[in-house]
Amino acid sequence: MAGLIKSEDIALVKERSSLEDVVREHVTLRSAGPGSLKGLCPFHDEKTPSFTIRPAVGAWHCFGCGEGGDVISFVMKVEHLAFTEAVERLAGKLGLELHYEAGGGPCREEGSLGRRARLVEAHRVAGEFYAAALVGAAEARAGRDFLRARGFDRGAAETFGVGFAPRQGEELTRHLRGKGFTDDEIVAGGLAGRGNRGLYDRFRGRLVWPIRDITGDTVGFGARRLFDDDRIEAKYLNTAETPIYKKTSVLYGLDLAKKAISRDRRAVVVEGYTDVMACHLAGVETAVATCGTAFGVDHIKTLRRLMRDEAGGAPARTIFTFDGDAAGQKAAMRAFAEDQRWASQSFVAVADSGQDPCELRQSGGDPAVRALIEDAVPMFEFAVRTTVRRFDLDLAEGRVQAMRAAAPIIHSIRDRALRPEYVRTVAGWLGVEVEQLAREVQRAGRVEGRGDGAGTRRGEPVRAAGHTGSAGEVPTQRPAESMPAPDLRDPVTSAERQLLQVLLQFPQCVEQASFEALPEDAFGAPAHHAVHDAVRAAGGPAAATSTAGWAAAVHDHAAQAVQPLVSELAVASLPARYDAMTGRPDGRYVQELLVRVQEVGLARQIADALSALRRLDADADREHARELGFRLQTLQRARAELRAGLA
């Protein structure tokens, strides 16, 4: 059983891991005010970015779904890892050696790598083995000829890691065993199967492409049939689902394309491995492909995050290339069915000759591939033409049927200003009156409205009501069902929230003495009171040796019910003026928050004292009355001094 990683090693991993760098592997970020970055959340579907990080604090939070935490929790959630595996993964990237508690040990006796890391390492070794076989094995000539015939030289094969799986059937298994991998690991990674006579290689006598995740780790392989006597007739085989490979969320070539996709806000989705290679070599660096499955919802989410496909922002652009045959048209219509999940417009590129990008590069060179992408037509235009092609437009019945089939597609166009223009255009294609088609489009809208009902747009997150910060996010403010959410319409409650944000994000701005001067009941909102308790339990701002570690410490000391609120407060933007030199909030702003919260606490105590005095009977203990009167004067004097100090 795996041992516990020593706490000091965990703290070191947190301290040295760059939250920004880790998040950027999955999300394209942009500035969201001083010290903050934001992008589309990787954990729920949204059209407007609400996922925020504060690198200096080492914290992230989504104001749409309420998820939040530190760099370790992000890796755990985005890569579906256990805590120990996430720490080990980050440590591996940093080159840190981890130490385990006495009596325990690493996740495997073979080394200090967790299960996922072991499987990834096995795939790395397998990729090197396949690549070497393509170059050095005589039987790999068929693979080399296949690549050469499609215009790919040795340099292209090396760039994309293309390899060859030997025909014998046990070569890779023996190689991996020699590198210290167990049979269970080899099978679990999908690199071999288990038969009556032992293990056999998953891929035999095939050209092999490594499938890498967005971070560049090889997590699977795709293999192309080369020999006629191959007993498996399928042209392509892919790694089966494994603990590290999920075909519905992986895109081939994304590790190479992600920077260009983020830079250009454009993605090109092609159908095969050789198409990706052809596009990249032709200068279309944003090309990716699915791996043995249809382009689906998880693929859309991944690309939208990288492209910053945001509602109301500068338009991003997704281009699908499909073969000109019936299968290609069917794939295009499947893609159109999910078109509403994009905030921006998607396009379709089909060569007049029906060739795919790889074939087009062979016949027309790199310029032909680039022209194919640049000449892409809007997805809904392609969908309309594909739909009406089924009908005989020479007959009146055919024109009416085509019009009724095209109307829902036109109505689905998100930009309503474009609809009249497309009504006129499609009416010309069909040979019907513009007004006639316009009525059908309106009728399609009424039918859709009755079917879908009222509500938010598909894919649009439902946001919580409340205060909007300077960066536009809406605080979730939902610490627990049993604890009422703070009412941020109340100026006092809003000031409490802002002071807690300062304490978590800029602890150096609050002197320990000023913090300790806050009474225990300074925060009136129960959730804010609980966070204040966590700050006190963590030692107050004086205990903040590093900003990132400080937010995590407060999170760990907080009751579980308010830990999501701590994560939120650690990244939420402050409506404050910032010092241009230090990047910290203006000192007077912080002082005003301290005075406001402290004054309100004193006001509560004054009200309590006055209430007690009024409830005293005339015959009550005079000594008790004098004590209450003295306490009241002391409290009133303290409040006056607070106000005078601020002035």
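Gln 505 belongs to helix H19, which covers residues 491-505; helices here are DSSP runs of H or I with at least four residues, strands are runs of E with at least two, and both are numbered from the N terminus. With a relative accessible area of 2%, Gln 505 is buried, a word that means under 20% relative accessible area, whereas exposed means over 50% and partly exposed lies in between (1.4 Å probe, protein chains only).

If neighbours within four places in sequence are left aside, the residues in contact with Gln 505 include Arg 54, Val 57, Thr 547 and Leu 569, where contact means heavy atoms within 4.5 Å. Thr 547 is also one of the buried residues of helix H22 (residues 547-557), together with Trp 550, Ala 551, Ala 552 and Val 554. The cover over these buried residues of H22 includes H19, helix H1 (7-16), helix H21 (526-537) and helix H23 (563-569).

Strand S3 (residues 51-54) runs antiparallel to S4, and four bridges join them; two strands count as paired if DSSP finds at least two bridges between them. Arg 54 stands opposite Ala 59 in S4. The hairpin of S3 and S4 has four residues between the strands, and Gly 58 in its turn has a positive phi of about 75°.

On its other pairing, S4 meets strand S5 (residues 68-69) in the antiparallel sense over two bridges, with His 61 opposite Gly 68. Five residues lie between the strands of this hairpin, where Gly 66 takes a positive phi near 85°. In a regular strand the side chains alternate between the two faces of the sheet. Within S4 (residues 59-62), Ala 59 and His 61 point one way and Trp 60 and Cys 62 the other way, and all are buried.

## Cysteines without a bond

How many disulfides does a search of the whole structure find? It finds zero, a disulfide being a pair of cysteine sulfur atoms within 2.5 Å. The sulfur of Cys 62 is 3.6 Å from the closest cysteine sulfur, in Cys 41, which is too far for a bond, and Cys 62 is buried at 0% relative accessibility. For Cys 358, the closest cysteine sulfur is in Cys 279 at 9.4 Å, again too far for a bond, and Cys 358 is buried with a relative accessible area of 4%.

## A four-stranded sheet

An open sheet of four strands has the order S6-S9-S10-S11, with antiparallel pairing. Strand S6 (163-165) and strand S11 (236-238) stand at the edges with a single partner strand each, so one side of each is left without a neighbour in the sheet. Three bridges link S6 to strand S9 (residues 206-212), and Ala 165 stands opposite Arg 206 in S9.

## The whole chain

The protein chain holds 25 helices and 16 strands, and buried residues make up 50% of its 647 residues. Residues 24 or more positions apart account for 67% of the contacts with a separation of 6 or more.

Residues are numbered from 1 along each chain as its sequence is written, and side-chain values use heavy atoms, leaving out hydrogens and water. Since this is a predicted model, local features need pLDDT of at least 70 and side-chain atom pairs count only at pLDDT 80 or more, while totals for chains, interfaces and linings use all residues.
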